[in-house]
Amino acid sequence: MADRTPPQRPSRFSAASTTVNGSTFLRKLRAHAPNSTQLVGLLTLLITGSILLLLAGLTVTATVLALIFFAPLIVISSPIWIPVAIFLFISVAGFLSICGFAAAVVGGLSWIYRYFRGLNPPGSDRFDYARSRIYDTASHVKDYAREYGGYLQSKVKDAAPGA
């Protein structure tokens, strides 16, 4: 057992690893080369990115040209468009607010209905825990008030024995 020697690592510059055509370099290059799936992904990324960049450039160009062309019309008709825009903004904001509040009320009423029917809606366990904590705190305060009230009543009797 003692005569075993650890295996020897070949030297970096052994004759087998350096050949005339540089096969070691080619082996390392092939080991780190991307596979076909990675190449297709990279090609897809390049094509998609270039198309999106082209579309963004066309959009910005069209917007600037439209502003240059329609600027005089916008300036002349702005006394009409500004009040109309303000009215539309307030109308749409009010409508969306009413719809949002209505959805919140319907959701709340649905939760309350399911809770009182015993269907255990989401969050009912936290609601029950909070209700029990409030009840426990109220009973502790009531007990403390009884004790403290009795203490005060005895002090009043001490101060005015005839009372």
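At 67% relative accessibility, F116 counts as exposed (over 50%; buried is under 20%, partly exposed in between, with a 1.4 Å probe and protein chains only). Keep in mind that this is a predicted model, where local features need pLDDT of at least 70, side-chain atom pairs count only at pLDDT 80 or more, and totals for chains, interfaces and linings use all residues. Residues are numbered from 1 along each chain as its sequence is written, and side-chain values use heavy atoms, leaving out hydrogens and water.

Let us turn to the rings. Rings of Phe, Tyr and Trp (its six-membered ring) pair if their centres lie within 6.5 Å, and planes under 30 degrees apart are stacked, over 60 edge-to-face and the rest tilted. By this rule there are five aromatic pairs. In one of them, the centres of W111 and F127 are 5.8 Å apart with planes at 80°, so the pair is edge-to-face. W111 belongs to helix α2 (residues 36–116) and F127 to helix α3 (residues 124–159), so this pair ties together parts 16 residues apart in sequence; helices are DSSP runs of H or I with at least four residues, numbered from the N terminus. W111 is partly exposed at 22%, and F127 is partly exposed at 41%.

Y115 and F116 also pair edge-to-face, 5.5 Å centre to centre with 75° between the planes. Here Y115 is buried, at 12% relative accessibility. W111, Y115, F116 and F127 form one aromatic cluster.

Finally, visit I47 in helix α2, partly exposed with a relative accessible area of 45%.

Note on methods: Helix = DSSP H or I, 4+ residues; strand = E, 2+ residues; numbered from the N terminus.
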